[in-house]
Amino acid sequence: MSLAEKISSGSSRPSLPRIARVWLSRLRAESQSNEWLSILDWIERASPELDRFEHLAPYADILEKSCRVGNCKGERRDIVASPPQHGKTLLTLHGFLWFDRFAPGLRHAYVTYSGDRAQDVAREFWALAERLGFSPAGTLAKIILRNGSSVIFTSIGGKLTGAPIDGVCVIDDPLANKEQASSPTIRRRCIEFYETVARARRHPGTSFIVMATRWHPEDLSGILINRGWAYTNLKAIA
């Protein structure tokens, strides 16, 4: 607080007050350890430099209800559609930290369209977890957090061998773009991954969420919607 107050906005080091506010907010959030917070409220405290994710509030609500927290029993099956570049991956990564904070010890998974993308997201998650004091350990393929939760990062066509899931499995953009979505072979590979790899790792309480931009009516989202999964379509910000 002293640092933030003493350094004026016209200083040659204008980032220092912001850094001080971020750390102060994080310490306050940590000090209130017995207080339950929604995902959006917790992110506002933990990462105050971010705009509040109100445009993704329905997705945040699904994340909260997908994990065994309070009266929630998990075992949800949800499809969420969102346009690109609307912050869905960043919200998801904060969600995994929220799980570790309020529902510790569960095993989660994050799946996306390629191994390179999965590694990039894992690096982003490691940096975020480190900054917010979750003491990440392990590898980029399996990150373990301070309260015992773990997150596997893999891709469509990748492996989940020896990786049981009893928390939340988020399949985030199984298709990279419209070109991939136009390929029946690639679309079929997404469906086969869910049916033969991801679903085979589920334990009681596991929830599955497919969070994806829609490129084709017969993509993984479309197939699962036809099987009765709940569907939430978030429109682009006008």
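Start by selecting glycine 157, which is exposed, with a relative accessible area of 59%. Exposed means over 50%, buried under 20%, and partly exposed in between, using a 1.4 Å probe and protein chains only. The model is predicted, so local features need pLDDT of at least 70 and side-chain atom pairs pLDDT 80 or more, while totals for chains, interfaces and linings use all residues. Residues are numbered from 1 along each chain as its sequence is written, and side-chain values use heavy atoms, without hydrogens or water.

Stay on glycine 157. The residue sits in the loop between β5 and β6.

**Whole chain**

Zoom out and colour by secondary structure. The chain has nine helices and eight strands. These are DSSP runs numbered from the N terminus: helices are H or I with at least four residues, strands E with at least two. Colour by accessibility next. Of the 238 residues in the chain, 47% are buried. Then turn to contacts (heavy atoms within 4.5 Å). Among contacts with a separation of 6 or more, 73% link residues 24 or more positions apart.

Select lysine 73. It lies in the loop between α4 and β1 (77-81). Its relative accessible area is 70%, so lysine 73 counts as exposed. Beyond four places in sequence, lysine 73 contacts Arg68 and Gly205.

Jump to threonine 206. Threonine 206 belongs to the loop between α8 (184-198) and β7 (207-212). Is threonine 206 buried or exposed? Threonine 206 counts as buried because its relative accessibility is 1%. Show what surrounds threonine 206. Leaving out residues up to four places away in sequence, threonine 206 touches Glu75, Arg76, Arg77, Ile165, Asp166 and Gly167.

One of these partners, Glu75, deserves a click. Glutamate 75 is in the loop between α4 and β1. Its phi is positive, about 55°, though glutamate 75 is not a glycine.

**Helix α4 and the cores**

Select α4 (57-66). Which residues of α4 are buried? They are Tyr59, Ala60, Ile62, Leu63, Glu64 and Ser66. Their cover includes α3, β1, α5, β6, β7 and β8 (230-233).

Pick tyrosine 59 from that set. Not counting residues up to four places away in sequence, tyrosine 59 touches Val80, Lys88, Leu91, Thr92, Val170, Ile209, Met211 and Leu234.

Now show the nonpolar cores. A core is a set of buried Ala, Val, Leu, Ile, Met, Phe, Trp, Tyr and Cys residues joined through side-chain atoms within 4.5 Å. The largest has 41 residues, and Trp42, Tyr59, Leu91, Leu97, Phe125 and Phe153 touch the most other members. Elements giving two or more residues to this core are α3 (39-46), α4, α5, α6, β5 (150-155), β6 (168-172) and β7. Helix α5 gives the largest share, seven residues. Then select Leu160, Leu175, Ile191 and Phe208, which are among the 24 residues of a second, separate core.

**Ser82**

Next comes serine 82, in the loop between β1 and α5. Serine 82 is buried, at 4% relative accessible area. Its C-alpha lies 6.6 Å from that of asparagine 233, and the pair is 151 residues apart in sequence. Outside four places in sequence, serine 82 touches Leu56, Lys88, Met211, Ala212, Thr213 and Leu234.

**The largest pocket**

Select Gln85, Lys88, Thr89, Arg117 and Asp173. Of the 18 residues lining the largest pocket, these lie nearest its centre. On a 1 Å grid over the protein atoms alone, a pocket is an open set of points where a 1.4 Å probe fits, with protein on both sides within 12 Å along at least five of seven lines; lining residues have an atom within 4 Å of a point. The largest pocket holds about 330 Å³ of space, a volume filled by probe spheres set on the points, which are joined across faces, edges and corners.

Colour the lining by element. At least two lining residues come from each of α5 (88-102), β2 (107-112) and α6 (115-131). The largest share, three residues, is from α5.

Finish on aspartate 173, in the loop between β6 and α7 (178-181). Aspartate 173 is buried, with 15% relative accessible area. Its phi is positive, about 50°, yet aspartate 173 is not a glycine.
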